[in-house]
Protein chains: 2
Amino acid sequence: MKKIYNDVNQMVDEMIDGITTAHSAFLKRLPNTTVITRSDVRVQGKVGIVSGGGSGHEPAHAGYVGEGMLDAAVVGEVFTSPTPDQVLEALKAVDSGAGVLLILKNYTGDVMNFEMAKEMAEMEGIKVEQVVVNDDVAVQDSTFTTGRRGIAGTVFVHKIAGALAETGASLEEVKSIAEKTINNVRSMGVALSSCTVPAAGKPSFVLEDNEMEIGIGIHGEPGIKRVPIENADQITTTLLEKILADIDYSNSNVAVMINGLGSTPEMELYLVSRKVSQLLEEKEITIYRTWVGEYMTSLDMAGFSITVLKLDDQLKEMLNKPSKTIAFSN
Amino acid sequence: MKKIYNDVNQMVDEMIDGITTAHSAFLKRLPNTTVITRSDVRVQGKVGIVSGGGSGHEPAHAGYVGEGMLDAAVVGEVFTSPTPDQVLEALKAVDSGAGVLLILKNYTGDVMNFEMAKEMAEMEGIKVEQVVVNDDVAVQDSTFTTGRRGIAGTVFVHKIAGALAETGASLEEVKSIAEKTINNVRSMGVALSSCTVPAAGKPSFVLEDNEMEIGIGIHGEPGIKRVPIENADQITTTLLEKILADIDYSNSNVAVMINGLGSTPEMELYLVSRKVSQLLEEKEITIYRTWVGEYMTSLDMAGFSITVLKLDDQLKEMLNKPSKTIAFSN
């Protein structure tokens, strides 16, 4: 296994220290936890926003902690949900009395642990609401999921809910805009190679030299099919058509995210972005803004996902609000 | 070759279209060229700043075009210098009469072509000054270079020169701060795997399963030595010691960049960042700010580089000025 590490069992802990040391101007680690918060955590009167999940998806989720987005990210082991007690620490740290919104991706482990933490926090008198992102149109159920998986669309939920919370909106209002975003966002991915989980020491699965997997999950869960690699325009068309068939995007304005899964060069991502622009123009769907880069990765997997978010005026306004984070700055 | 592309000979052209379409709010392509400029190119009275080089290093250099950094990036084929006529187009496009600073990395092809373009522009009455970044302490001469190579430290030169130019400083002043930055910045890298140039279709070189190359260049040029892979702390110590031995950093404040070469997960980069922080603290060198991510890549190469920039008050001020680009936003 070719990875840069010291002790495979300390990687996540050392990563958290690395992140909070490098960005100590606006991030800090809650002592003796795997929780990363804004350094000005517990902004008075503001609804807190907490997300998290297994690590290995960096910059998600610590990269979205900061003014205008998340108040805290709870970090699990690689591809493993954080435990309820860690989530509880985050909820307690960020609550200023206005309540906390938990944003999670739909994976069975996350749902179970975050819900348990929510109940524990409520017993301590903290108001908590929860939304579950399930933007991946590839498959209905999957290895670790009942219902659709949550993938890169989660970043838009962070951004939009975070922006509204920053204005002083109520917990109900922040939950409501997060739900609207979830209703309006769809994604789908493809892999050209597997990732290697450090503790496993070998690739999670094997794709032949000429093979790709359409609809792969961000933990390497099976997608729709394994087929010979097609060209950039063909792959992009396949993914985008499935996304656009899922909800009615006609005549709408959209935000687009082309997300690299870990080892795909930006050059290739921009070929995908180019084709997405062409296809949406043909369909008279207007791109309002586009993001291209690594936002929700799967360690060193080669491949990408496409996310399309249908916008209204309120969502546009929130997308454009300032945010000061490692990975999503406006 | 597992890459996402349509026609290997059109990849760079399609990438440029992809970039300028995705970010049309602040970038545009000069028609019939490989030049990407700010959409408000030729800001009156402002010194223009142009950089560029072969592609395959994305987000360099188009990712640094925008308010507060570059006015234009000239894009060559993969790992190949852009031709003088393309550089000339960029110089003509950005000059508002205040002159233009060319920032290039020290590679023989770039130096030759950019100097030729400079002469051609001067014949057309444009004032042009040039600085050559040579921050890589690994080797003295290399495959494509006489003298030291220019690598990730170039991004700090873009940022600092761009910030000063935005204040209305003269060409001489902007050149002077770029030279100060070059004098104060040192970098070094390591590779765990080769990249694959699309037109070649196979890895540029082969590293054994347990091997890394210390001091590699961003085109895969040979470094200092191939050795068995060490742990993150050991590799980091090796690179940082060579950097710190090169100029006197004692008692100084520094900016640090941990730069991924293409397929190294952020988790691993933050392990490097963590160790750099510890080592600098031991040596009583104060980290002013840290950047961790992909800033100057080598397609899909696994590995990273460390950059350390010695700061004074003027450099700090310029680092903190606003910039609005794809890859370096303040």
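**View 1. Confidence of the predicted complex.** The predictor assigns the complex an ipTM of 0.97. The pTM is 0.98. Chain A has a mean pLDDT of 97. In chain A, 100% of the residues reach 70 or more.

**View 2. A cis peptide bond between B:Glu58 and B:Pro59.** The two residues are joined in the cis form, with omega at about 10°. B:Pro59 sits in the loop between strand S3 (48–55) and strand S4 (72–78) of chain B.

**View 3. A cis peptide bond between B:Ala60 and B:His61.** Here omega is about 0°. B:His61 belongs to the loop that runs between S3 and S4 of chain B. B:Pro59, shown in View 2, is also found in the loop between S3 and S4.

**View 4. Positive phi at A:Leu299.** The phi of A:Leu299 is about 50°, although the residue is not a glycine. A:Leu299 lies in a loop of chain A. Strand S11 (286–293) is on one side of this loop, and strand S12 (303–311) is on the other. The relative accessible area of A:Leu299 is 3%. The cut-off for buried is under 20%, so A:Leu299 counts as buried.

**View 5. Positive phi at B:Phe79.** B:Phe79 is not a glycine, yet its phi is positive, at about 55°. The residue is placed in the loop between S4 and helix H2 (84–94) of chain B.

Technical notes
Residues numbered from 1 in each chain as written. Chains lettered and ligands numbered in written order. Predicted model: local features only at pLDDT ≥ 70, side-chain atom pairs only at ≥ 80, totals over all residues. Heavy atoms only, no water. Helix = DSSP H or I, 4+ residues; strand = E, 2+ residues; numbered from the N terminus. Buried < 20%, exposed > 50% of the residue type's maximum accessible area, 1.4 Å probe, protein only. pLDDT = per-residue confidence, 0-100.
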